[in-house]
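Here is a short report on one protein chain.

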Amino acid sequence: MIYAPIEDKVLQQRLDTLEKDELHIFTAGDGLFRGGLFHGTRFVNRMRAQHRLGVLETFMLGQASLCAALMIQTMKGRETLQFRYETDGPAVGFSVEADSTGFVRGYLLQNPIPLTAPLESWDLRPFFGNGTISLTRFPEAAQAKGMQPQRGIAEIKYRDIAKDLTWYFQQSEQLLTAFNTGIKFDKQGAVVGAGGFFIQRMPAEGGRFQKQYDPEELDDIIKRMERAFSACPSLGEWFSEGGTCEDIIFGLLREFDPKPVAVRSIRFDCPCSQGYYLQALKNLPEAERENLRQTANDPLEVICRNCSSLYSIPLSDIG
């Protein structure tokens, strides 16, 4: 990936004072729940700079990318996950990928998003229509054996990214899950705080650290966790003011005795390169390469849709 500069020097100075962008993974309730809290202010600013996004576009793709980052903790071994939202609304949707090594990349299906009136709220429902939400997992071990990716799909219900992803997990994976994302803009439209929160109930039976609960007790614990999760402050606001992940995890969830599991570095990044696209062009049939040599501008400009990096490839190099 070719890194685009963050040209707002005042914003960059502010980013330098904030807590690191990290995903804090934990368990709670004696292993009944697993969760993660991600501070992603730099992450969202990197995404915005790469795609040169407006405020609305940053808010939409930022939420999707934060959710994808949170799902890295659900991966088993070496794996890639694709999170897609496809609708018949003016925003159309997005496609975001997360890799178990800790990077996220993605793009909007419509950029810029058409506006018929000035943006007056952060409600994205007017921009989404009917459609589907899908998760596709690409386990490396399965691919080595020639197995197909694992894809789940559900109808969009809320036209709200975090709520629809919660709905997806309930419908397609039968797991009680909750997502919360927040992005804070200052008066100049700069992203000064961003983060995401994830909680998932693990199976009540067979957990290594779980004790057994009767149905009423289990239902009560789940309801109390829902209340605690709902009491989370605005994450964009929280991180913009210098708040930490630990204060939310160990403060908000203190009655569930959260246990830290890991801290992961997550970044908006893409493995694309000049060499990757050059090799892809070399692999084209000879007739297609000859057509490029005859009709394309020299050098050929290739833009990665996942990160908007632009590569200039001399036609003489494609063979």
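## Residue A262

A262 lies in strand β10, which spans residues 259-265. Helices (H or I, at least four residues) and strands (E, at least two) are DSSP runs, numbered from the N terminus. A262 is partly exposed, with a relative accessible area of 30%. Buried means under 20% relative accessible area, exposed over 50%, and partly exposed in between, with a 1.4 Å probe and protein chains only.

Leaving out residues up to four places away in sequence, A262 touches L23, H24 and I25. Contact here means heavy atoms within 4.5 Å. A262 and Q73 are 189 residues apart in sequence, yet their C-alpha atoms are 9.6 Å apart in space.

## Basis of the model

The model is predicted: local features need pLDDT of at least 70, side-chain atom pairs count only at pLDDT 80 or more, and totals for chains, interfaces and linings use all residues. Residues are numbered from 1 along each chain as its sequence is written, and side-chain values use heavy atoms, with hydrogens and water left out.

## Strand β4

Strand β4 covers residues 93-99, and seven of its seven residues are buried. Both faces are covered. G93, S95, E97 and D99 lie on one side; F94, V96 and A98 lie on the other.

## Neighbours of β4

Two strands pair if DSSP finds at least two bridges between them. Strand β3 (residues 79-87) runs antiparallel to β4, joined by seven bridges. T80 stands opposite D99. Five residues separate the two strands of this hairpin, and V92 in the turn has a positive phi of about 70 degrees.

Strand β5 (residues 103-108) is also antiparallel to β4, with five bridges. V96 has G106 as its bridge partner in β5. This hairpin has three residues between the strands, and G102 takes a positive phi near 115 degrees.
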